[in-house]
Amino acid sequence: MRKWLPLVAVCLGTFMLLVDVTIVVVALPDMAGSLRTSFADLQWVMDVYALALAALLLGVGSLADRIGHRQVYVVGLVLFALASLACGLATGPGVLIAFRGVQGVGGAAMLATTTALISSIYQGRDRGVAFGAWGAVSGAASAAGPVLGGLLTEHLDWRWIFYVNLPISVLAIAMTLRFVAVTPARRSRSVDLPGMAAFTVAAGAATYALIKGGDNGWTSATTLGLFGLAAVALLAFLLIEKRRREPLLDLSLFRQGSFSGLMVAAVLLSVAAFSYLAYTSLWLQSVRGMGPVTAGLTCLPMSLAAFLVASLSGRFLHGASPRWTVGPGLLLIGAGAFLQATIDADSSWTVLVPGLAVTGVGVGIATPMLASAALASVAPERGGMASGAVNTARQLGNALGIAVLGVVFHAGMTGALRDHGSVTDPAATADALAGGQAGAVIAHAGPAGRDAAGRLVHEAFATGLQHTFLVSGALGVLGGLVALALVRRPPAPAARRPERPAPTRAETAEPVRL
């Protein structure tokens, strides 16, 4: 069993940082009340963490290739623990959002190195089992976040969703230092700081534009300026990477259809499987009247299915082509979202269960192979870059997905309110509903109109969620089709020629001259 202790150390950090992507979902209403801000304003508590992960993974992966993967992983654990403590002690939304960003920096250091560490520690069938276990943890962690967040928020306090990271971090640091060997460093390699800066600006500007576009208007100078800044920064990133001798991301990899397909699949997996959970939780708590625990437990079918299927897939699908795991996995994720789109104004939480279970199966099939296939596409010494690339794609998908689906959700509610004809300002009412103020909207109608207002709120939420699930399902299916069309089995490494033994002293001695 000792050989699996390094995997436990790596999976502890992976579970902790990925749980924190979604653990805040069910705690947002309590956070808003405690910090005297709105649910909508606290959307950045989710987005800034995912955005920091996405923006920094490539750069940290490159840095880890230079100074060693274990070293960077441990630094990330320490930074994550300190930032978690600061988040728990936050007295205002600005402080909380700022330290969530710092927490994302620590998470990036961990996530950029976990798969590279596994790849360097395990070989052959053990590597397949290890990636299966890592995939099980990865797939279950994001889905388990709402469950754990609900339990901690309802029975303790929302601050404990951050405090709980402290003992886990200490255990992960101790196990890593004890059981994970120091990885070799490549000190000759430079760090691509201009590329890191350009990519960070591009990702941040695009996400901010998507979040604020609904408020400022899609044709406003601010929104168009942000999109323009994102486009210029992305172009600058591509030009920088093309000219760098040791780039942050080797653009030539995208000439391979498999690598491009894996990156597209990674982005769309996060959008289709996880980005809608915030809006589902909002419906469960503000409309269906659930507490944080019961709202979080609604996601349990996804979490359990993802964990069980990923555990089995690592064992039984070892050696299978990623085309036949990633592709069908994403198709199942899309099907799960479509099943949830059957929601209507009279639905209870049970309408979500079949779709969440199907989505969990898809996540469990697709997630382990995404990481191992990306690592197989590069040389071992570029493992940090490949790990950073695939995880960047996933976290960028989550950050952009929360923003994009937020726009879809809001537009669906606004349309339903406008079609009803009795709402004076549909957009403002949709803002209030998206801000977790369903009870206030119903109360504003007065005793005589309370029943009609309640019915309208249910219809608006159902329509918004229908649109959100349909878009998620379409993106999941699109990702599956891209994977089936482009992803191929990585070529087997060429067999190494046996090395000739070193010559003996007798063989190298000069002949005796008579």
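Colleague: At roughly what angle do the axes of α1 and helix α8 (residues 165-179) cross?

Modeller: This is a predicted model: local features need pLDDT of at least 70, side-chain atom pairs count only at pLDDT 80 or more, and totals for chains, interfaces and linings use all residues. Residues are numbered from 1 along each chain as its sequence is written, and side-chain values use heavy atoms, leaving out hydrogens and water. Axes are lines fitted to C-alpha atoms, for helices over the stretch in contact, and angles run from 0 to 180 degrees between N-to-C directions. The axes of α1 and α8 come within 8 Å, and the crossing angle is roughly 150°.

Colleague: Which orientation does that give α1 relative to α8?

Modeller: Angles under 35 degrees count as roughly parallel, over 145 as roughly antiparallel, 65 to 115 as roughly perpendicular and the rest as oblique. The α1 and α8 axes cross at roughly 150°. That makes the pair roughly antiparallel.

Colleague: How many nonpolar residues are in the contact of α1 with α8?

Modeller: Contact means heavy atoms within 4.5 Å. Leu-5, Leu-12 and Met-16 are among the α1 residues that meet α8, whose side includes Ile-168, Leu-171 and Phe-179. Ala, Val, Leu, Ile, Met, Phe, Trp, Tyr, Cys and Pro count as nonpolar, Asp, Glu, Lys and Arg as charged, and the others, Gly among them, as polar. By class there are three polar residues, one charged, and the nonpolar ones number 11.

Colleague: Is Arg-178 buried or exposed?

Modeller: Arg-178 sits in helix α8. Buried means under 20% relative accessible area, exposed over 50%, and partly exposed in between (1.4 Å probe, protein chains only). With a relative accessible area of 52%, Arg-178 is exposed.

Colleague: How are α1 and α4 oriented to each other?

Modeller: Helix α1 (residues 5-22) and helix α4 (residues 69-88) have axes that come within 12 Å. They cross at roughly 40°. The two helices are therefore oblique.

Colleague: Which residues of α4 make the contact with α1?

Modeller: On the α1 side, the contact includes Ala-9, Gly-13 and Asp-20. On the α4 side, the residues are Tyr-73, Leu-77 and Phe-80.

Colleague: What angle do α4 and α8 pack at?

Modeller: Their axes are 9 Å apart. The pair is roughly antiparallel. Val-74 and Ser-84 are among the α4 residues in the contact, and Ala-172 and Ile-173 are among those of α8. The packing angle is about 165°.

Colleague: How many disulfides does the count come to?

Modeller: A disulfide is a pair of cysteine sulfur atoms within 2.5 Å. Cys-11 counts as buried at 10% relative accessibility, and Cys-87 is buried at 0%. By the disulfide rule, the count is zero.

Colleague: How many helices does the chain have?

Modeller: Helices (H or I, at least four residues) and strands (E, at least two) are DSSP runs, numbered from the N terminus. The chain has zero strands, and its helices number 21.

Colleague: What share of the residues in the chain is buried?

Modeller: The chain has 514 residues. Buried residues make up 56%.
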